[in-house]
Amino acid sequence: MDEVKVKINNCNNIKNGEVSIIRNKLNIKYGINGTGKSTISKALELISQAKPLDDLKPFDSLEDILPSVNGGEQFETVSLFNEEFVKDVVFKEDEVIENAFDVFIRTQDFDEKQNELNEKLKTLTIDINSKDIVINLKSKLDQLRGKLELNKDKKSIKKNTNYKAILKKENIFNIPEGLEKFAPFFSDNTVCINWIDWKTKGKTFENKEICPYCGEKFLPTFSQDSLVFSDTFKKTEVNNLTKILVDFENLNDYVSEEKMSIITSCIKEQKDESTINAILSAFLTEYIYIEEKLNTITNFNKNIYDPNSPKKLDIILNNMKIEKSIFNYLGSNSFFEVIDYINSKLDELIQIAMEIKVAIGKLQSVLTKTISASIIDINSFLDSAGISYHLSIEVNSSEEARAVLKYVTKEDEYSVPKIRKHLSWGEKNAFSLILFMFYSISIGADLIVLDDPISSFDINKKYAILHRMFSKQTGLYPRSLYGRTVLMLTHDFEPIIDFGIIKKLPLDALDIKFIRNDKGMLKEIPVDLENDVKSVTEGLKKYIKNTELGIIHRVAFLRKYIEHEGSDEYEEAYNVLSSLIHGRLTCTYADGTIIDGDFELKGIQDIKEWITDFDYQSLIANVYNEEAITRLYFEESNRYLKLQLFRALFEICPSKEIKEDDVLLKFIHESYHIENDYAYYLDVIKFEIIPEFIIDIIDEYMKKTYADE
């Protein structure tokens with residue numbers, strides 16, 4: 001293991017510390033804000049550039065105490081992603097990155113070979129839209145578009161007006177009891193909706209107690225029937241239901257009779273919601289798949305191909321082919337006839353693509369192929385991150401090239417002047433990170449430093465960025481940070497989950513350490529993924545049963561466990577614990593109402609399954625009082641446990657308020673449910689993930705309030 005140890009002294013808030021960096025691995029240093037992460041990254045950059053460290057000198061240091069960094073000089077070239085990179089290297093006016101020719105092109109015969117390639121690209125067209133069988137399929141699929149949609153989880157259906165109409169137990173196909181006499185109207189598609197509308201509007205004349213049409217007196221059951229009718233049948237709902245049924249049945253040519261019967265049974269028969277969801281979700285998954293495939297193929301020439309950016313055409317075209325084995329509902333002979341036709345056209349184009357691939361092969365000895373492929377890779381990333389821009393290279397001569405940005409719509413692409421003004425903050429920084437990756441690789445950086453690179457992004461962009469930057473690339477010129485020496489300094493726990501727990505990186509390509517700054521002393525603590533990173537519930541269960549922990553902590557962890565599991569099952573235990581935590585002499589609810597004896601007994605029994613010696617009255621008398629908790633606080637050294645004791649004290653002593661710091665108090669109560677942030681979290685007791693300044697403020701308050709008593 002090639003490990004570099006970097007010693008840092010008197011740099012900003014780091015008086016003394018050491019960080020280790022293992023070569024050819026992703027080194028994650030996880031720590032809260034204020035630890036000194038940016039100081040570490042800046043120090044490494046300055047040392048690699050042989051620049052003085054004067055800007056890192058602490059404000060309160062003596063003249064003869066100077067910043068120093070030892071070990072960092074082993075990295076000759078350090079590439080640092082920070083605000084300066086975004087400011088100085090990328091997005092100047094209408095250019096994406098400076099020195100585009102040096103970075104992306106660098107070939108003497110570029111024009112000749114690019115023209116040869118472009119000629120071949122002209123023959124690469126996918127003309128399927130003139131074929132009747134394709135036109136008919138797309139037309140029938142279009143009729144269903146937007147009527148039903150899957151939620152983001154891809155497992156359930158959005159409850160729009162159409163789906164709500166389907167879920168309704170009683171409808172024109174399942175007529176409520178007493179209204180069977182109207183069946184001829186419900187079953188007649190030509191009059192059903194207008195008749196329902198007519199009958200609904202006629203309700204205003206019912207106060208005469210005679211039929212406004214024939215003048216006969218209402219039957220005794222009329223009022224009840226009228227109420228059921230108005231509650232069950234709405235013109236809009238019936239209209240939605242009948243239309244979506246028609247849309248389903250219009251797909252008869254592409255769905256077998258058996259499967260169509262299953263689909264329509266969701267409307268015509270009374271089924272529970274989970275069954276309806278399972279059937280229609282499965283159908284929609286197939287529907288979305290074929291629709292997306294058809295859209296991708298239709299838009300191939302317009303959106304996928306930039307003639308100046310050659311791609312691996314055979315792979316692209318193979319990925320466009322439609323996999324028949326996934327279909328269950330869409331599976332008739334007519335449907336597969338269309339699929340076979342489309343796939344055959346793609347097979348023809350793959351042969352053309354092979355010729356293009358030969359032309360691309362002529363560029364393998366020059367930088368153009370590598371960089372061009374990388375630019376296309378960037379565009380794929382932009383698409384996956386939901387950023388509606390593409391990168392394009394405009395070549396003017398063998399010595400001039402401009403990397404420009406284009407805004408992409410379904411219809412066209414538009415050049416983007418003054419890029420900084422058009423990109424949002426998130427788009428600019430996400431795009432900059434990928435450009436930084438390619439830039440760092442192109443300059444051959446010995447160490448690539450990422451200073452809190454993704455903390456402010458939404459979850460989709462985080463996933464897209466991490467996946468692309470550290471994916472294990474294949475091919476002649478793999479372009480990612482996988483296997484390179486990378487230092488990621490972050491206060492975001494998600495990279496640890498993604499890389500370490502979900503194992504998006506092999507563990508031998510990863511080194512994770514927690515960094516903590518205790519009054520200027522920087523310390524690294526290795527993270528054992530198996531033992532230190534816990535699921536919330538498993539971690540809480542371990543703490544609850546740990547008899548070495550004080551009872552206040554076990555009680556607090558048990559109540560949190562119940563909150564995570566759902567308090568309904570443990571309602572009695574939850575209320576007993578809440579009463580105890582608030583220091584009530586007897587078990588009561590928040591409003592002072594005494595908890596019923598049987599209810600309390602059940603709660604205590606449930607608690608004893610976790611804390612066998614639980615005794616409410618004994619705990620109230622000996623533990624949950626101001627004097628006892630204060631004593632425990634001053635005896636405790638662990639930051640997290642001190643915070644938990646502090647919060648417990650304020651639960652039973654609400655009159656003791658930090659009036660001048662009530663905003664801080666609110667911050668403490670609401671922000672330090674650390675284990676709630678993720679499905680996994682770092683062991684809160686071992687790593688004490690609490691800012692030092694928070695504990696300092698609490699300590700000062702406790703000493704001032706209690707130490708002299």
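1. Asn24 is partly exposed, with a relative accessible area of 49% (buried is under 20%, exposed over 50%, partly exposed in between, with a 1.4 Å probe and protein chains only). This residue is not a glycine, yet its phi is positive, about 65°. You'll find Asn24 in the loop between strand 2 (14-22) and strand 3 (26-30).

2. A quick word on what you're looking at. This is a predicted model, where local features need pLDDT of at least 70 and side-chain atom pairs count only at pLDDT 80 or more, while totals for chains, interfaces and linings use all residues. Residues are numbered from 1 along each chain as its sequence is written, and side-chain values use heavy atoms, with hydrogens and water left out.

3. Lys154 is another one to check on phi: the angle is positive at about 60°, and again the residue is not a glycine. Lys154 sits in the loop between helix 5 (132-144) and helix 6 (161-167). Lys154 is exposed, at a relative accessible area of 53%.

4. Now the whole chain. It has 30 helices and 16 strands (DSSP runs numbered from the N terminus: H or I of at least four residues for helices, E of at least two for strands). Of its 709 residues, 49% count as buried. Take the contacts (heavy atoms within 4.5 Å) between residues at least 6 apart in sequence: 70% of them join residues at least 24 apart.

5. Have a look at helix 11 (residues 257-268) and helix 12 (residues 273-298). Their axes come within 10 Å and cross at roughly 135° (lines fitted to C-alpha atoms over the stretch in contact, with angles from 0 to 180 degrees between N-to-C directions). That makes helix 11 oblique to helix 12 (under 35 degrees is roughly parallel, over 145 roughly antiparallel, 65 to 115 roughly perpendicular, the rest oblique). On the helix 11 side, Ile262, Ile263 and Cys266 meet Ile276, Ile279, Leu280 and Phe283 of helix 12. By class, that contact has seven nonpolar, no polar and no charged residues (Ala, Val, Leu, Ile, Met, Phe, Trp, Tyr, Cys and Pro are nonpolar, Asp, Glu, Lys and Arg charged, the others, Gly among them, polar).

6. Then there's helix 22 (residues 551-565) with helix 27 (residues 639-652): the axes come within 10 Å and cross at roughly 80°. The two helices are therefore roughly perpendicular to each other. Helix 22 brings Ile552, His553, Ala556, Phe557 and Lys560, and helix 27 brings Tyr640, Leu641, Gln644, Leu645 and Ala648. The tally for this contact is seven nonpolar, two polar and one charged residues.
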